[in-house]
Amino acid sequence: MAVRYPRLDAIFSDHAAAPAVPATVRHLRPAPAVPAATRPVIGPDPGLVVDPDQRTVTVDGQQLDLPYLEFELLAHLVGNPLRVHSRRQLMETVWGRPDTGDTRTIATHIARIRRKLGPGHREAIATVRQIGYKYDPRLVRAA
């Protein structure tokens, strides 16, 4: 009498049954790709263009070299113009961790971004006292 191993039979059989996909996994499937010509480029200010797909930032035609977190922070602010973001919200959305009360981390990254944006665009990232920061494209000075 031969010993049967059902799991091995399923693995080595010529036909494999399609696995059932639970409903929760169906919702996690990636969205269909959008053609490059129709992808949104973040930036209500024509002088500042943030392209999340290419992970590039261009200021007045000059491409900036931003580290990962600086890019994520700028893309988040520019993607939600005129909205005030608390330091807690920024820590949770950009850093992906709860706020520990260390506000110097955010302030340091904002200062570096402002410095790299240059004199014409640095004022667009406004500090809202006792709350956080916002991106206001109306504050951009003509170069």
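The exercises that follow go from the whole chain to single residues.

This is a predicted model, in which local features need pLDDT of at least 70 and side-chain atom pairs count only at pLDDT 80 or more, while totals for chains, interfaces and linings use all residues. Residues are numbered from 1 along each chain as its sequence is written, and side-chain values use heavy atoms, with hydrogens and water left out.

**Exercise 1. The whole chain**

Task: list the secondary structure elements in order, then describe burial and contacts for the chain.

Step 1. Elements are DSSP runs, numbered from the N terminus: helices are H or I with at least four residues, strands are E with at least two. The chain has five helices and six strands. Read from the N terminus, their order is α-α-β-β-β-α-β-α-α-β-β.

Step 2. Burial is judged by relative accessible area: buried is under 20%, exposed is over 50%, and partly exposed is in between (1.4 Å probe, protein chains only). By this rule, 29% of the 143 residues are buried.

Step 3. The accessible surface (Shrake-Rupley method, 1.4 Å probe; for residues, only the protein chains shown count as cover) is about 10,000 Å², and carbon and sulfur atoms contribute 56% of that surface.

Step 4. A contact means heavy atoms within 4.5 Å. Among contacts with a separation of 6 or more, 45% join residues 24 or more positions apart.

**Exercise 2. A pair of helices**

Task: describe how helix 3 and helix 5 are arranged.

Step 1. Two packed helices are described by the angle between their axes and the distance between the axes.

Step 2. The axes are lines fitted to C-alpha atoms, for helices over the stretch in contact, with angles from 0 to 180 degrees between N-to-C directions. For helix 3 and helix 5, the axes come within 10 Å and cross at roughly 80°.

Step 3. Angles under 35 degrees count as roughly parallel, over 145 as roughly antiparallel, 65 to 115 as roughly perpendicular, and the rest as oblique. Helix 3 and helix 5 are therefore roughly perpendicular to each other.

Step 4. Now pick out the residues that meet: Leu69, Glu70, Leu73, Leu74 and Leu77 from helix 3, with His109, Ile110, Arg112, Ile113, Lys116 and Leu117 from helix 5.

**Exercise 3. Salt bridges**

Task: locate the salt bridges and classify their partners by accessibility.

Step 1. A salt bridge needs a side-chain nitrogen of Lys or Arg within 4 Å of a carboxyl oxygen of Asp or Glu. The structure holds three.

Step 2. Glu70 and Lys116 form one, at 2.9 Å from N to O. Since Glu70 lies in helix 3 and Lys116 in helix 5, the pair ties together parts that are 46 residues apart in sequence. Glu70 is buried at 2% relative accessibility, whereas Lys116 is partly exposed at 33%.

Step 3. Glu72 and Arg55 form another, at 2.8 Å from N to O. Glu72 is in helix 3, and Arg55, 17 residues away, is in the loop between strand 1 (48-51) and strand 2 (56-59). Glu72 is partly exposed at 24%, and Arg55 is partly exposed at 36%.

Step 4. Asp136 and Arg138 also pair, at 2.9 Å from N to O. Asp136 is buried at 4%, while Arg138 is exposed at 61%.

**Exercise 4. A loop residue**

Task: which residues does Leu82 contact, leaving aside its neighbours within four places in sequence?

Step 1. Find Leu82 in the loop between helix 3 and strand 4; Leu82 is partly exposed at 45% relative accessibility.

Step 2. The contacts of Leu82 beyond those neighbours are Lys134, Tyr135, Asp136, Pro137 and Arg138.
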